[in-house]
Amino acid sequence: MAIRTLLKFLSAKHFSSQSTAVHQTTSNPPSPHLVNDLSRILSDYRKPQHDVESALAPFASQLSPTLVEHVLKRCKNLGFSAHRFFLWAQSVAGFQHSRDSHHILVDILGSSRQFPFLWDFLTETKKTESCEISREIFWIVFRAYSRANLPSDAIRAFNKMLDYGITPCVDDLDQLLYTLCKRKHVKQAQEFFDQVKGGELTPTVKSYSILMKGWGDIGESGEAQKLFDEMLEREYTVDLLAWNSVLDALCKGGKVDEAYELFRGMRSKGLEPDAYSYSIFIRASCSENDIHSAFRVLDSMKRCNLAPNVFTYNCIIKSLCKNNKIDEAYELLDEMLERGAKPDTWSYNTVLAFHCDHNEVNTALKLISRMDKDGCERDRHTYNMVLKMLIRIGRFDRMEKVWYSMEKKGFYPTVSTYAVMIHGLCKKRGKLEEASRYFEMMIDEGIPPYTETCEVLRNKLIGFRFAERTDILADKMERSSSESIREAASVMRGNRGSVRLRNEEEFSEGGEW
């Protein structure tokens, strides 16, 4: 098998006579520079013919389980390289992977759709007993197949659990149903549910609730209602989770009045609505841009001494900002802190987006300072919005201050943040040289650019008669140790057809410039 072949190769090539002292017991966070160095190697040596093992060999004495976990998490999008790194570390004398490392690798292999390697890995793990194959590992496999839009394979993975010594239980069924429904494979989830519910596995109310929510999420409230009625017919004790699931499904299906009727009947069934019950109607009101109804439900919650969670508050904050009610949004932020529902990054970014859209520089910067004070971490969206605004209005002094403050906050620019800088500066008079400088910084960091970023910068340089500059940049890219960057040089030279790079549609952050 693939795993065994690689292991045999690694052992023979590098460790047949090598004994290496390994830092095995440390639990302290590894050096960020060490993580960066290893991650860079995995990025640069990503092809099968690359001798990544020789490049990794100097780091053998610094290995620790925690370091491996951090590198694997950092390289989660480099499935093949991450796999080879795991096998290399496993071959180092005296080193033993943690349970988390096994789980992370299973997730990586699944996310990169390397399913043959995944099953080889599980088979080898079972054989060597290097880590217990738990049901949680299969839950990761369910998620991977569901994300890959392979629901039938997710179901087959469930049926293969016995081969690995695990007898499926109702928790495993619920996990499978949940992962299928989360990726909109509700029909397949329902079909499998119908197959098993008359056999050895007896679905619970939770199983029904998962399916009802799944149908609701795709707007099929009628199917959710059928499941609810089926529970009643089978004389299940319908709990609050089930009630909330059908309420949510009805609201998402546009049947808010029917949902209210059910809601009003809950107490007669001996069930007291909880905070989530009310939040369903708050979200429904916000989706219809009905702020007044949302606040009426919120007031009802408070009278019942129920505390909204962060997600519920965020829905209202988003609607308030959408309707230019920024003062009320700040009042809700303050209320969240008072009630112990600590605002998250999404809460602040929603308000920040309002200030950035209105070019309110001082207020925007004051808000991100408040994030620090309230112990809320900034993310790429926080920085991308602020940098985009500062470039747009020409506040380049503030732009540089924010840029150089990122590293102090432990944030390292990704491709989307560089794209914000380069695209924005290309639109400003006299800033083409700066745009080129940020592009070079990105290349020096080993970050492959978007196709559109290469094209925007190239077209601007040629338009201003700096065509020779595109050749200089392309030469620099061709000298990069990153294969993806070397491929991008073709786009900088004007030959897009010969290469397929990442583009903004493939990434959620791509629309921020």
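Which side chains does a polar contact of 2.5 Å join? The side chains are those of arginine 378 and aspartate 372. A polar contact is a pair of N or O atoms within 3.5 Å; within protein, one must be able to donate a hydrogen and the other to accept it, and residues adjacent in sequence count only if both atoms are side-chain atoms.

1. **Ground rules.** This is a predicted model, in which local features need pLDDT of at least 70, side-chain atom pairs count only at pLDDT 80 or more, and totals for chains, interfaces and linings use all residues. Residues are numbered from 1 along each chain as its sequence is written, and side-chain values use heavy atoms, with hydrogens and water left out.

2. **Overall build.** The protein has 28 helices and zero strands. Helices (H or I, at least four residues) and strands (E, at least two) are DSSP runs, numbered from the N terminus. Along the principal axes, the C-alpha atoms fill a box of roughly 75 × 60 × 45 Å. Of the 513 residues, 52% count as buried. Buried means under 20% relative accessible area, exposed means over 50%, and partly exposed lies in between (1.4 Å probe, protein chains only). Now take contacts, meaning heavy atoms within 4.5 Å. Among those between residues at least 6 apart in sequence, 66% join residues at least 24 apart.

3. **Arginine 378.** Back to the opening residue. Arginine 378 lies in the loop between helix 21 (361–373) and helix 22 (380–392). Is arginine 378 buried or exposed? Arginine 378 is buried, because its relative accessible area is 16%. Its side chain also makes a polar contact with the side chain of tyrosine 383, at 3.3 Å. Leaving aside neighbours within four places in sequence, arginine 378 is in contact with residues including Ile368, Met371, Ser405 and Lys409.

4. **Aromatic pairs.** Rings of Phe, Tyr and Trp (its six-membered ring) pair if their centres lie within 6.5 Å; planes under 30 degrees apart count as stacked, over 60 as edge-to-face and the rest as tilted. The count comes to 18 aromatic pairs. One of them, tryptophan 403 with tyrosine 418, is edge-to-face, with 5.2 Å centre to centre and 65° between the planes. Tryptophan 403 lies in helix 23 (residues 396–405) and tyrosine 418 in helix 24 (residues 415–426), so the pair ties together parts that are 15 residues apart in sequence. Both tryptophan 403 and tyrosine 418 are buried. Elsewhere, ring pairs link Tyr260, Phe263, Tyr278 and Phe281 into a cluster.

5. **Charges over rings.** A charge sits over a ring if NZ of Lys or CZ of Arg is within 6 Å of the ring centre and within 35 degrees of the ring normal. The charged end of lysine 431 sits over the ring of phenylalanine 396, 4.2 Å from its centre. Arginine 437 lies over the face of tyrosine 438, at 4.9 Å from the ring centre.

6. **The largest core.** A nonpolar core is a set of buried Ala, Val, Leu, Ile, Met, Phe, Trp, Tyr and Cys residues joined through side-chain atoms within 4.5 Å. The largest one has 163 residues, and Leu122, Phe439 and Leu457 touch the most other members. Beyond neighbours within four places in sequence, leucine 122 is in contact with Val106, Ile133, Ile137, Val141 and Tyr164.

7. **Cysteines.** How many disulfides are there? The count is zero. A disulfide is a pair of cysteine sulfur atoms within 2.5 Å. Cysteine 131 is in no disulfide; the nearest cysteine sulfur, that of cysteine 169, is 18 Å away. Cysteine 131 is buried, with a relative accessible area of 11%. The sulfur of cysteine 304 is 17 Å from the closest cysteine sulfur, in cysteine 251, which is too far for a bond. Cysteine 304 is partly exposed, at 35% relative accessible area.

8. **Valine 186.** Valine 186 is found in helix 11 (residues 186–196). Valine 186 counts as buried because its relative accessibility is 0%. Apart from residues up to four places away in sequence, valine 186 touches Leu180, Cys181, Leu211, Gly214, Trp215 and Ile218.

9. **Two positive phi values.** Asparagine 305 has phi near 60°, a positive value in a residue other than glycine. Asparagine 305 sits in the loop between helix 17 (291–303) and helix 18 (310–322), and counts as exposed at 72% relative accessibility. Asparagine 359 has a positive phi of about 55°, although it is not a glycine. Asparagine 359 is in the loop between helix 20 (345–357) and helix 21, and is partly exposed at 34%.
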